[in-house]
Amino acid sequence: MQVIRHISGAEPVEVHAIAEIDPKSGVDMSTYGYLKLDNGLTATFDCSFDMTERNEYEIVGTKGTIKVPLAFRPDTSGGIGSIIVEGSGITREEKIYGDIYRLEVEHFSAAILNNTSPVITGQSTINNMRVIEACYQSIRTGSFVEVK
């Protein structure tokens, strides 16, 4: 959710999610969702414990795509991530280097030391949890749910 909210600059207002629930543990093993955002955009997501590991996202627009194939775990490729931009007959790839966990700790430490807000604020985390809770409610009811 955080990536969708951050990149779109919008908040989900309504969600619909379905999930494959493990009958023994009650854990949602695979979840698929559709979000209506307050700026008129829509977004979809999927996540799963029982499919091959993927750590990617893709933004699809009318003029091209942006793919981030190692978005959430660049450490699995030696700390090298990439962003691939394709559109109007042009393809560009940018490499990103760094230890994601070290960078997170350094960023949060700097926010404390400099008395500044981290990129992911407490309010952003609360908003994220509201969307996740609406997804769980949608999974239970099988219908669209308003994000409150």
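Mentor: S82 stands opposite K95 in strand 7. Strands, like helices, are DSSP runs numbered from the N terminus (helices: H or I, at least four residues; strands: E, at least two). This is a predicted model, where local features need pLDDT of at least 70 and side-chain atom pairs count only at pLDDT 80 or more, while totals for chains, interfaces and linings use all residues. Residues are numbered from 1 along each chain as its sequence is written, and side-chain values use heavy atoms, with hydrogens and water left out.

Trainee: How many bridges join strand 6 to strand 7?

Mentor: Strands of a sheet pair through backbone hydrogen bonds, either parallel or antiparallel. Two strands count as paired if DSSP finds at least two bridges between them. Strand 6 (residues 80-87) and strand 7 run antiparallel, joined by 8 bridges.

Trainee: What is the strand order in that open sheet of 4 strands, with its antiparallel pairing?

Mentor: The order is 4-5-6-7. Strand 4 (57-60) and strand 7 (90-97) are the edge strands, each pairing on one side only. On average, neighbouring strands here are turned by 10 degrees against each other, direction ignored. Such angles run from 0 to 180 degrees between N-to-C directions of axes, which are lines fitted to C-alpha atoms (for helices, over the stretch in contact).

Trainee: Is T65 buried or exposed?

Mentor: Buried means under 20% relative accessible area, exposed over 50%, and partly exposed in between (1.4 Å probe, protein chains only). T65 has 17%, so T65 is buried. T65 belongs to strand 5 (residues 64-68). Contact means heavy atoms within 4.5 Å. Setting aside neighbours within four places in sequence, T65 contacts E58, I59, V60, I84, V85 and E86.

Trainee: How many residues does the largest nonpolar core have?

Mentor: A nonpolar core is a set of buried Ala, Val, Leu, Ile, Met, Phe, Trp, Tyr and Cys residues joined through side-chain atoms within 4.5 Å. The largest one here has 13, and I4, V15, L35, V131 and C135 have the most contacts inside it. Strand 1 (12-21), strand 2, strand 3 (42-48) and helix 3 each supply at least two residues. Helix 3 gives the most, with 3 residues. Not counting residues up to four places away in sequence, I4 touches L35, L37, A43, T44 and F45.

Trainee: How many aromatic pairs does a search of the whole structure find?

Mentor: The search finds 1. Rings of Phe, Tyr and Trp (its six-membered ring) pair if their centres lie within 6.5 Å; planes under 30 degrees apart count as stacked, over 60 as edge-to-face and the rest as tilted. The centres of Y34 and F144 are 6.0 Å apart and the planes stand at 85 degrees, so the pair is edge-to-face. Y34 lies in strand 2 (residues 28-37) and F144 in the loop between helix 3 (122-141) and strand 8 (145-146), so the pair ties together parts 110 residues apart in sequence. Y34 is partly exposed at 30% relative accessibility, and F144 is partly exposed at 39%.

Trainee: What sits over the ring of F144?

Mentor: A charge sits over a ring if NZ of Lys or CZ of Arg is within 6 Å of the ring centre and within 35 degrees of the ring normal. Here the charged end of K36 does so, 4.8 Å from the centre.
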